[in-house]
Amino acid sequence: MAERAPTNAEIVRALEAVVALMEIRGDEHYRVLAYTRAAESVANHSGSVAALDDPKSLPHVGGTTSQFIADLVEGRMPPVLDELMEEIPRSLVEVTRLPGVGPRTAGRLWKELGVTSVEEVAALDPEEIGKLKGFGKKSAEKIVAAAERYDATERRLLLDDATAIGEALLAFVRSHPSTDRADLAGSLRRGKETIGDLDLVAASTDPAALSDAFAGADFVREVVAHGPSKVSIKVDGPRRSPDDLVDVDLRIVRPEAYGTLLHHFTGSQAHNIVLRERAVKRGINISEYGLASEATGGEPEPVATEEELYERLGLSYIPPELREDAGELRAAENGTLPDLIETGDIRGDLHVHTNYSDGKGTIRSMAEAAIELGYEYLVFCDHSQSLRVANGLSPERLARKLREVREADEEYDEIRLFCGSEVDILKDGSLDYEDALLAELDFVVASVHTSFGVGEKAMTERIRRAMNNEHVRTIAHPTGRVLNRRDPYEVDVQALIAEARATNTALELNAYPDRLDLKAEHARAAVEAGVKLTIDTDAHDESALGFMRFGVAQARRAWVEKGNVINTLPLREFEAYLKAGK
DNA sequence: GCCGTTTTCGGCCCGACTGTTTTCAGTCG
């Protein structure tokens, strides 16, 4: 037995390692695909896979892959992975990440030139590669150049940056005279927590003209590919430096085929594949150009909207955020898709900061920004006393702030203002204010900001203890991760969900683009367990109140409905919830 | 390797673009 059961993410990493190495070895495509799908299935599972009685209950996990998972759970190295790592240098996997280099090329560079790493590719003379059959001067130079500028630190775009860049590009596409419709597609449209590259789709009466205009626009830093219906370019990333470029794809079709195009490039790829397989069984072939069947003589018949596409397949409309091959097809067949929460359902923000601690806004400026958003209530939760780096409030300053919130509340008819605290959960699980003080506040958010490295057992106990405090209504950013900067601390999220349910404590889905914590799989597990969520921006200035849309997008990916979220309650009901206690 | 409203065997989504090719493999999404 292993010391600790592997997390879903660890199982996924092991399966993906098999995929990468098998591809290099040149294993049969469908064998590799099976491991790919098993990895996706584990990643999409909301509960702990290690805790399942039989992993075969997961879709795309059969006898072999379930044994693979069982080996990991019991602390054994799965033989297939052992064998692959014995045979193939692990560092070759990185070579396949070079743009334009896939597993076939990496495998040949290794077998025919003895190259095992990106560094060794960069050190190659392009002429050596050019001597290999099927490689010319151009591709040889491209491969070496890609290796030379390869940056191993994977950096993905946060949602706010991706949205800003994407919307600017979209405005350009929409402004072209031949454009009929255009949208952002891909993972940004699905609301994924981070974005690798941007996908745009357009319906145009003159695709070639739009393609040329896009490839020639002044924001283009590099043209990667340029055809009559597809353009791939690089544009400046958020850091606007030469080594911070973002890949962008634009696909263009005639207006009548827009529905299937938008659908195709929204993905996910896994969703598209299962949807298309299902269609093939019914004699229909789906492509971005439409639906083809015997009845259409094998030619694609265009479909103008996504709604019509799903309808023609006998399915209810599946929102983009659910398109992950995570059970949405079955739900669409049965008419049991969730009625997903929308940004407009949010009635207030329960976790915002002011200049009393480390925020930039004042009580009144934040209140006025919240009024602009149409909120019915706003809860100020500044940091507590021990968090000195964030100018945490002493009991005296908290008392002063409480008075000011009460005064400001009198001044605004449009909104109710509440005074809360984001109170630190100290190392031993006690809270950073006395209970008597917490009792005076309207709402208490508790969270961990220090001593991240205490280990899973201690961290889980620490947060569970905080949940058992009668004043603590929600746990903010429950896993502490900061995207691109800091991994989550070790904590047993399943145990937190169980304790949240037992103590009637909510869990926060923090909408800040670099947190988005809980992540979607955990948020889904929480609502499945009957735990309520709060979706809060943790705003430190007025504009950050607008991050709510990113939190809602993540909640939608977690199959969350309005009724699962505390701050969708109308003011009267929210007040009743406050009054009722835990 | 997985899967079954034609199947326990024989299938497995579909197409654009590039480079090096005279018909296609590899990569990408």
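In this predicted model, four residues of domain 1 are in contact (heavy atoms within 4.5 Å) with seven residues of domain 3. The centres of the two domains, taken over C-alpha atoms, are 29 Å apart. Chain A is divided into domain 1 (8–148), domain 2 (157–253), domain 3 (260–334) and domain 4 (343–580), with bounds from an automatic or database domain assignment.

**Interface of domain 1 and domain 3**

- About 410 Å² is buried between domain 1 and domain 3, 38% of it on carbon and sulfur atoms; buried area is the accessible area (1.4 Å probe) lost on putting two parts together, summed over both.
- On the domain 1 side, Arg37, Asn44 and His60 lose the most area to domain 3, together 78% of what that side buries.
- One salt bridge is counted between these domains, the term standing for a side-chain nitrogen of Lys or Arg within 4 Å of a carboxyl oxygen of Asp or Glu.
- Arg37 and Glu277 meet through their side chains in a salt bridge at 3.1 Å, N to O.
- The side of domain 1 that touches domain 3 has no nonpolar, two polar and two charged residues.

**Second largest pocket**

- The second largest pocket holds about 410 Å³ of space.
- Among its 19 lining residues, Asp358, His449, Arg485, Arg486 and Arg515 are the closest to its centre.
- The lining divides into seven nonpolar, five polar and seven charged residues.
- A pocket is an open set of points on a 1 Å grid over the protein atoms alone, where a 1.4 Å probe fits, with protein on both sides within 12 Å along at least five of seven lines; lining residues have an atom within 4 Å of a point.

**Basis**

- Residues are numbered from 1 along each chain as its sequence is written, and chains are lettered from A in the order in which they are written.
- Local features need pLDDT of at least 70, side-chain atom pairs count only at pLDDT 80 or more, and totals for chains, interfaces and linings use all residues, while side-chain values use heavy atoms, without hydrogens and water.

Technical notes: Nonpolar A, V, L, I, M, F, W, Y, C, P; charged D, E, K, R; others polar. Points joined across faces, edges and corners; volume = space filled by probe spheres on them.
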